[in-house]
Amino acid sequence: MTRPGARGNLWLGLAALALASMPLWAAPWHMQLASTAAIAAMFALSLQLLAGGAGLISLAHAGFFGLGAYSVYLLGGGRSIFLTLPAAALLAGLAAAATGYLALRTRGFYFLMTTLAFGQMLFFLFHDTPLGGGADGVFIARPDMIWTVPKAARPVVFLLLNLTILTAMYLFLWKLMGSLFGHALSGIRANEDRMRAMGHDVAGLKLTAFVLAGALAGVAGHMAAVTDAFVSPELLGWHHAAEALLMILLGGIGHLHGPILGAFALTAIREVGQSITERQRLVEGLAILAAVLLLRRGIAGLRR
Amino acid sequence: MTLEARGLSRRFGGLLAVADVSLRLRPGVPHAVIGPNGAGKSTLINLLGGAIRADSGAILLNGADVTAAPDWRRARAGIGRSFQRANLFPDLSVLENARLAAQASLPGWRLTALAKEESGTWDQAWAALDRTGLTGFAAHPAAAISHGQRRLLEIAAVLAALPSVLLFDEPLAGLGPEETAPVVALLRDLAATHALLLVEHDMDAVFAIAAEVTVMVDGGVLETGTPEAIRTSAAVRDAYLGHRA
């Protein structure tokens, strides 16, 4: 996985600014859509640390996203966002630590299936027990922000908040992939056995990446709960994890910023599909099929 | 630094791959292991490096028991090994291949050390490339250099981690005559300061490098001695060298 250089980051920054200027020219509905895309981008980006970074394909990732979202519900209304956000990251990170500790003993296909099992356990925990307020989901009270946000201002505030957190997450991962830790992950993705023979603590490195990615997914889930004021067990299901993988594939698994492009592209494809036909899933599927067949390296691979 | 094996055995199903092998490696006394294919030479290296565990016997690094330590801990403790198949990181540059090896030698594994930008380990990587004559190819992807150069990179990656014990598994395999000489010279150099075990089929190289030779047949030690003694041993000639002459 390569990181964008200074020019690439400049373009991404300009794109972020263009989105941040939406309150000046766009309708509230489009700002909400951009918020949804930004949250999806956070989620896919957190998974990219595993998929593109260390070569780990996990289906448990939605479980950590969902835990982050449900932590807002579990903490109860009226808490400060400065409590709920770290709590979401912590809870998701702890769940990722437990999952990763066991699942990372397996590799390849077995790892995929083990993460599927753990992810579904989390899903059924919220789907079939009273813990999360029921199988149909539940409306939640948003956490307290610094100022009370009037209803009309919500699309603007949440758009800017989500863009800020997405940017922070991207910069963190950009920095991380340039560190020795990031280099070690790239080595693991290329040749795990060799890394171990060289003296790298591969198990420790993979678990660290898994926990970090889980905590970041928790942050994304938290922002979804805050933005939508609604959580449901579907957030934890493996379909949701597969969707993030799809975004990574569409955007480019070989590029750190690929998932961001993929998330915005898929959200846009979905929206267009919905506006022209009721068979939007079909449009979505065909568009993805075409994109993956034509763009072998994803959208991010178009530039070279 | 010394590496000592005492009575190492390892069985794969019905096959006794390594049977009661003892040897001692120390700087200045390069040790070669020879024997026909299937004699258990690579299994012996795998046992010493920790890629597989011994069924019985003990491995001592400087007197400390490392028999139960996993391979990566042994690598950190100073045991460097090369592989028969040169399969490092094909997409990464030659320099990054060596640098990743050097990074493994960083003390401890703490996030603070790992969060550093890619620094510190460059010197070790460059020194290893310099020693193997690969500096001119530092920026090439490992997949794009020649087979001989990949063999050299294999050695460079071992050296970059600054090990004190070297386990080389057929480092000369597939090298042309003009490529062999510098590697033999390098191995002789390294043997002065490192405990060195060499598994090799090239007998000229073995006799040029080794001060001690162990002959393995069917997993067991047939004979151990000076190159002179091995060359003249009737048992060795019958079991192994004779087949080739």
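A residue is termed buried when its relative accessible area is under 20%, exposed when it is over 50%, and partly exposed in between (1.4 Å probe, protein chains only). The structure is a predicted model, in which local features need pLDDT of at least 70 and side-chain atom pairs count only at pLDDT 80 or more, while totals for chains, interfaces and linings use all residues. Residues are numbered from 1 along each chain as its sequence is written, chains are lettered from A and ligands numbered from 1 in the order in which they are written, and side-chain values use heavy atoms, with hydrogens and water left out.

R99(B) counts as buried because its relative accessibility is 0%. This arginine belongs to helix α3 of chain B, residues 94-103; helices (H or I, at least four residues) and strands (E, at least two) are DSSP runs numbered from the N terminus. With neighbours within four places in sequence left aside, R99(B) contacts L180(A) and H183(A) as well as T121(B), W122(B) and A125(B), a contact being heavy atoms within 4.5 Å.

The buried residues of α12(A) are Q280(A), E284(A), I288(A) and A291(A). These residues lie on the same side of α12(A), because they cover an arc of only 65 degrees around the axis; the arc is that of the directions from the helix axis to the C-beta atoms. An α-helix has 3.6 residues a turn, so residues three or four places apart point the same way. The buried residues of α12(A) pack against α10 (238-251) and α11 (258-276) of chain A.

On the face of α12(A) turned away from the buried side are the exposed residues L282(A), L286(A), L289(A), L293(A) and L294(A). L282(A), for example, counts as exposed at 53% relative accessibility. The five leucines L282(A), L286(A), L289(A), L293(A) and L294(A) form a nonpolar surface patch with about 580 Å² of accessible area together. Patches consist of residues with over 30% relative accessible area and no salt bridge, like charges being joined within 9 Å and nonpolar side chains (Val, Leu, Ile, Met, Phe, Trp, Tyr) within 5 Å. Accessible areas come from the Shrake-Rupley method with a 1.4 Å probe, and for residues only the protein chains shown count as cover.

Over all chains, the structure holds 13 salt bridges, each defined as a side-chain nitrogen of Lys or Arg within 4 Å of a carboxyl oxygen of Asp or Glu. One of them joins D193(A) to R107(A), at 3.0 Å from N to O. This pair links distant parts of the chain, 86 residues apart: D193(A) is in helix α8 (residues 180-198) and R107(A) in the loop between α5 (81-103) and α6 (108-127) of chain A. D193(A) is partly exposed at 41%, and R107(A) is partly exposed at 40%. D193(A) also forms a salt bridge with R196(A), with the closest N and O atoms 3.5 Å apart. Both D193(A) and R196(A) lie in α8 of chain A, three residues apart, about one turn of the helix.

In chain B, R26(B) and E212(B) form a salt bridge with closest N and O atoms 3.9 Å apart. R26(B) lies in the loop between β2 (15-25) and β3 (31-34) and E212(B) in strand β9 (residues 212-217), so the pair ties together parts 186 residues apart in sequence.
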